[in-house]
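Please examine the structure shown below together with its sequence.

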Amino acid sequence: RSCAHCDRGVIIDLKLMPAEASVIERSAIDRIVAGTGSARDGQTARAGVAEAKGNRHLLLPALHALQDEIGWISEGGLSYVSERLSVPPAEAYGVATFYALLATEEQPERVAHVCDDIACLALGAEDTIAELSGVPGVHRSPCLGQCERGPAAMIQVAGAANGVIAPANASSVVNVLEGAVLDAQGPSNPVPPEQAGNPGGLLGRIGVTDPASLDDYVAAGGYRALPMAIEMGREAVIAQVESSSIRGRGGAAFPAGIKWAAVAGATETVRYVVCNADESEPGTFKDRVLLEGDPFVVVEAMTIAGFAVGAQRGFIYIRAEYPFGEALLVNAIRRATAAGHLGRDISADFSFDIEVRRGAGAYICGEETALFNSIEGFRGEPRQKPPFPTEAGLFGKPTLVNNVETLANIPRIVIEGGKTFAASGTTGSTGTKLFSVSGDVGAAGVYEVVFGTSLRSLIELAGGVDGSLGAVLVGGAAGAFVKDDGIDVELTFEGTRGAGLPLGSGSIVVFNDTTDFEAVTARIARFFHEESCGQCVPCRVGTVRQSEALDRLFAASDPALDLATLRDLDLVMRDASICGLGQVASTAVQSALALGLIGGAE
């Protein structure tokens, strides 16, 4: 059969299927299929999604169970997964090899994924990786979402909990790989002192309350909004979200109220709520801080959303690189269920369950339809739109998708009212926004500011530039650079759009004038090349050609031709790619060229 990655020489070896799984592997898979959880954390992976065709939606949890148990997905293990879930072997293999954090070849029991992405580059990641050269089990990794405390490394440990070392150095990584106890590093709480403890802000509970304690959450104002929402009724809740004019905080900036009303008005009776916690944009870590510092707010907000749109089931899709956040979410769901805030009979006519699904290392799964495919047990490739998720989303049913930060705003919208929320910020950008600030600044971290604050003021709030400013990357790898003469831009959806800058999810990476921008742009280009799902030719081939053209440009082999090639690739990828990944894969490169950061100004 044809393969989306035919240019990469991917060959499926069907001879692997006769191999037999070990008793340990069979037991791990049987627990997933039976709905009694994984060997790692006891989390339930329920098999009772009526709309799913068979048990295929358990494919990714089953693959994780194998990886968690023995450190890789063996031939016999994959064969047994295919048999138990009735998934064709070639398709199961295609899913297993789609994700960067799933290994289909035997590897050491301990593996380190060391970040070499843009924020960690500024913090000496290349020196750390050079020192680790030749050490078994060390791999380069795209952004791990630890940008304020890099360089960072994620450690996968067979038969034990994964963890993160941040900041990491060669010695700390080697020690863990050689058997030292991995400290399950918790949140670094990179919250400005003036915002910690502010009950009116998204960061108010972080660093002040115990994120594992339901009692602490309730004492700090938690679970006030859910009973208020139930008392005011579904239509009134949606009206408050609409009047707040809140736009999605994940990058697309779509009005949340329109989504909520569309799902609530669907003719289908089965509906879903999905929290997109697959925060993978390089330079972005604000959702991680919320998940690790205030997980109950996400659970409460999803429950409110489920009530408002008429859903009985929700999924939180969290990136695998956030093991601590995942554990806290699972704990929050269990405690909320035990207290009657989740599960059956939350109110007289409302029940709602939430399940956590772990990604496996694929940036593209941050795109909502790719996320649906991943949950359903397929490769995480985007779908054509329309139909839109509000009509046919997860399992083909109407689905409300919001990201972590968007949902975290919902309880205060319910409590304060939509108009009060809309009174701050600007007409087109209401409320506050979380920004992940990293790189060459005095105090990297997450900052909550009112929409309309200037980029210059935000950088000053983060301690100012460490040295003289070279450029600021706004919007992460999918964003654009701006120099000193452009940092007075207003941080609003409309303000950044007018300046030709994508606000994105709120990633701000600051580079001083000693930065090697050739290395930075080359890393960005390589990121999109590696993260392309390969489904469409403009992105699959275009991202490869962009990297090649940059390499030639930096080697000064034929600058005029390479600049022309980069321009052509920019047009093709923006206009013809299926999804946003290909459409923005050249944005940062083109802005670097236009500003003369690389290649000379044209």
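The points that follow are grouped by topic.

This is a predicted model, in which local features need pLDDT of at least 70 and side-chain atom pairs count only at pLDDT 80 or more, while totals for chains, interfaces and linings use all residues. Residues are numbered from 1 along each chain as its sequence is written, and side-chain values use heavy atoms, leaving out hydrogens and water.

**Nonpolar cores**

- A nonpolar core is a set of buried Ala, Val, Leu, Ile, Met, Phe, Trp, Tyr and Cys residues joined through side-chain atoms within 4.5 Å; buried means under 20% relative accessible area with a 1.4 Å probe, protein chains only.
- The largest nonpolar core has 74 residues, and Tyr99, Ile364, Phe481, Ile524 and Phe528 have the most contacts inside it.

**Helices α10 and α11**

- Helices are DSSP runs (H or I, at least four residues), numbered from the N terminus.
- Helix α10 (residues 234–244) packs against helix α11 (residues 256–264) at an angle of about 155°, with their axes 7 Å apart; axes are lines fitted to C-alpha atoms over the stretch in contact, and angles run from 0 to 180 degrees between N-to-C directions.
- α10 is therefore roughly antiparallel to α11, a term for angles over 145 degrees.

**Residue Asn409**

- Asn409 is in the loop between α16 (404–408) and α17 (410–416).
- Asn409 counts as buried because its relative accessibility is 0%.
- Not counting residues up to four places away in sequence, Asn409 touches Leu202, Ile246, Arg249 and Phe421, where contact means heavy atoms within 4.5 Å.

Conventions. Buried < 20%, exposed > 50% of the residue type's maximum accessible area, 1.4 Å probe, protein only. Helix = DSSP H or I, 4+ residues; strand = E, 2+ residues; numbered from the N terminus. Parallel < 35°, antiparallel > 145°, perpendicular 65-115°, else oblique.
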